[in-house]
Amino acid sequence: MNGLSARQAVLLVARREFVTQTRSRSFVIGLVVTLVIFGIYGLVFQFIGNQTSSDTLGVTPESAELAPALQQAASAADRTLTIVDVDRATGEQQVREDDLDALLTGAPGSYQLIGRDSVGSNLQGIVAGVVQRSTLTDALTAAGQDPVLVAQRGTVAVTTLEPTDPERGQRLGLAIVTSVLLFMSLIGYGTAVAQGVVEEKSSRVVELLLATIKPIHLLTGKVLGLGAVGLAQLLILGAIGLAGASAFGLLTVPSAAASALVAAVIWYLLGFFLYASVYAAAGSMVSRQEELQSLVTPIMFPLFIPFIFAVSVLPGDPRNTVGAVLSFIPFFAPTLMPARAALGVAPWWQVGIAIVLTLATIVGVVQLAARVYRNSVLRTGARVSWSEALRGTTRT
Amino acid sequence: MISGGLELTGLGKRFGTRVALDDVSFTVRPGELFGFVGSNGAGKTTTMRIVLGVLSADAGEVRWDGAPIDADVRRRIGYMPEERGLYPKMKVRDQLEYLARLHGIGAPEARRAVETWTERLGVAERLGDEVQKLSLGNQQRVQLCAALVHDPQVLVLDEPFSGLDPSAVEVMSGVLRDAADKGVPVVFSSHQLDLVERLCDRVGIISAGRMVAVGTVEELRSGGVERIDVVGPSGAGWAAGLAGVSVVSSEDGRTRVQLDNGASDQEVLRAALSAGPVHEFARFRPPLTELYRDVVTAGGAR
C-alpha cells in the first residue's frame, strides 16, 4: 500500500514547489513589479527620445541669416529645432537660465556657438554642418563654381546586396526584451532554487524528507516545480507584453514576435536546467541563507556577460564576431543565441548547434550537481568545501 | 524469524578519525517501547539516522522482520529527527498531508490521518496556520503528527519529549504506549531517565559509541552491585567490622551498605539488630538514573 515510485516522488515534490510559489504573495508581486519596470522603461525611453530630439537655439541678428538652413538641416536629421531671435546679452542670459540650449553669434568667419556648460553633440553637428556648407557655398560661388553641381558630384550612394529589413527596429526591441526576460527569469528562479534548498537545510526538514525519498528525487522535483513557475511567469509576461505592444501599435510583425516567444521558452528551459542545477548544488553547500549570497554571485557572471553583450553591443552590430562565438558557449547561449536569432542574424543551424551543445552540457552539469547535492545536503554547520562536496566524505 | 521487529547488528560508523559507533547491536521487538539513552554525542542520533538510511553505516546492518531494511520499509517508519524540521512557512495541514503523501499514502487517506492525529495531539485548531506561527510546544506536537500520519510500522523518535510541557508529555507517552500496544516497535531517545524508566519495556544505554547495557530496568539492576538499606540503629559503626561490606551512606538512622560478591545480607541484618531495633531492611532498587551513572562510569573507565 505504501509504494511510491520515483515518478510519484518527483511529482509530489514538484507540485508542492509549484503550489507554494504560485500561491505566495511574492509571485504576484514579482509579476506586477516586472510589468511596472517594463512600463517605466518604455516611458523613460520615449521621454529621453523626445527630450534629445528637440533643441532650442538662439540666434543674434548677425547670425540670423543661417536660420532657414539650420531649420532645414534639423528636419533632415529628424530633429525639432526651435529658433529664437535674441540679442547677445539676452541670449546669454537665457542660455544661463536653460531657456535656450545654445546661442549662435557672430558673422561668417567668426561664428560662435555658446552653451551653458556644454552644447549637445547633435545641435553642434547641425550647426557645424550648416556653417561649413554655407562657407563652402560662398567660396564656390566666389570661385565661379555652381555649389549645387559640386554637391551632387560629391555624394556617395548607399545600397545593400540584401534588402534592408524594414522591421529591424522591432526585431531589435524583441531581442532586447527577450534577453531581459530570460536574464531575469534565469536569475530569479535559479536563486529561488538555491534559496529553497537552503530553506530545507536550515529548517532541517530535509532530514525528514530524505528519510522517505532519495536526494535526487527531491532535487529533481524542486528544479521541475520551480522551473514550471518560472515558465508560467515567462508566458504570462510574454503574453501581456505581446498583447500590449500590439494594442499600442508598437508591434506589426506578430510572426517574429511569436517565434521570439517560442525561442524564449526553449532557451529558458535549457538555461534553467543548466543554471538551476548549479544553483541547487551551491545551495546545498551552505546551512544559512546569509551564507548563500557569496556563493551564488559568481554564478551570475556567466549570465551577466552575455546579457550585457546582448543589450549593448548587438543592437549596434548584430553580426559582431565575438557575440557570434559567445552565443555557442553553453553557459552564454541561453541569453545570447535567442537575441541573435531575434535579430535575424543566427541561421537555424547555428541555433541547432547551440541547443545540442547546451543539452550535452546540461547532462554533465546535472550529474555533477546531483553529486554535490547528495554529498552536502545533510551536512549542517560550516560551509561544505567543493572538494568535500565532490569527493563525498560524509560527516555530520 | 522468531524475534522479528527491528534489529541492529554490529553497526559501526566513523567520521574521519573519530569513531562514532562501534559494534552497536540491539533489537526492538514488535509491541515494545525501547528507551535509548546516553550522553550527548554518545551516538544515539547517528544510530537513528542509520536506521532511517539518512546516513550509511560503515559496518553492520539494520534488519526488519529478518530481512535487511530497504527503502520501502524505511518509508513505513515514523521518524522524528533530533533537529526538528518542518517548512516554517507552510500551513500545518498542507505540511502534514505532503509528508504523509511522501510516505506513499493516498490523498484522501492522508487528509483523514491528518485530521485524526492533529485532533489527538491537540493541534487541530491550528491546521490552517503556518508552522512558524505556532509555539515551540505546538510545533513539537505537529512534528509528532508528522511521524504518525502515515500509520507507521516502526517508530524512531529522537528526543520526542524534549521541550514538552507536562500535559504534552502525558499525551506523547499515551501515543507511544498505544502505538506499542498495536504491535509497533517504538524506539526513542531521551535524557529524562525517570520517564524512560516509567515508560519503557527495555532500555539501551550507549556510551562513547558502544552499547554498555541493554535490557529491562530490572535486568540492568541485577547486573549491578547489591546494596541494602537499613533503617534503625543510628550511625554506621555497627557495620564497620563486617567482611565484604562497605558503607555507602549513613544519615538520620538510614544506612546504605554495599555487599561484595559472597557477602551475606543475613550477617548485615544480625549486626544491625545487635546494635538496636531495625525498622526497615530492604534491597535498594536503584533508579535508572543511578544505574545509568554506574554503567556509564564503568564504560568510561574501561
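Is Ser376(A) buried or exposed?

1. Ser376(A) is buried, at a relative accessible area of 0%; buried stands for under 20% relative accessible area, exposed for over 50%, and partly exposed for what lies in between (1.4 Å probe, protein chains only). The residue belongs to helix 14 of chain A, which covers residues 348–376. Helices (H or I, at least four residues) and strands (E, at least two) are DSSP runs, numbered from the N terminus. Leaving aside residues up to four places away in sequence, Ser376(A) touches Lys201(A), Ser284(A), Met285(A), Val384(A) and Ala389(A), where contact means heavy atoms within 4.5 Å.

2. On the basis of the note: this is a predicted model, in which local features need pLDDT of at least 70 and side-chain atom pairs count only at pLDDT 80 or more, while totals for chains, interfaces and linings use all residues. Residues are numbered from 1 along each chain as its sequence is written, chains are lettered from A and ligands numbered from 1 in the order in which they are written, and side-chain values use heavy atoms, with hydrogens and water left out.

3. Chain A splits into domain 1 (6–45 + 168–391) and domain 2 (54–153), with bounds that come from an automatic or database domain assignment. Between the C-alpha centres of these two domains of chain A the distance is 52 Å.

4. Chain A and chain B bury about 2,800 Å² between them, and carbon and sulfur atoms give 58% of that area. Buried area is the accessible area (1.4 Å probe) that two parts lose on being put together, summed over both. Chain A contributes 25 residues to the contact and chain B contributes 30 residues.

5. Two salt bridges are found across the interface of chain A and chain B, the criterion being a side-chain nitrogen of Lys or Arg within 4 Å of a carboxyl oxygen of Asp or Glu. Arg49(B) and Glu207(A) form a salt bridge through their side chains, at 2.9 Å from N to O. On the side of chain A that touches chain B, helix 1 (6–23), helix 7 (168–202) and helix 8 (205–210) of chain A each supply at least two residues.

6. Chain B contains 10 helices and 14 strands. Its C-alpha trace spans about 75 × 45 × 35 Å along the principal axes. Of the 302 residues in chain B, 51% count as buried. Among the contacts in chain B with a separation of 6 or more, 67% are between residues 24 or more positions apart.
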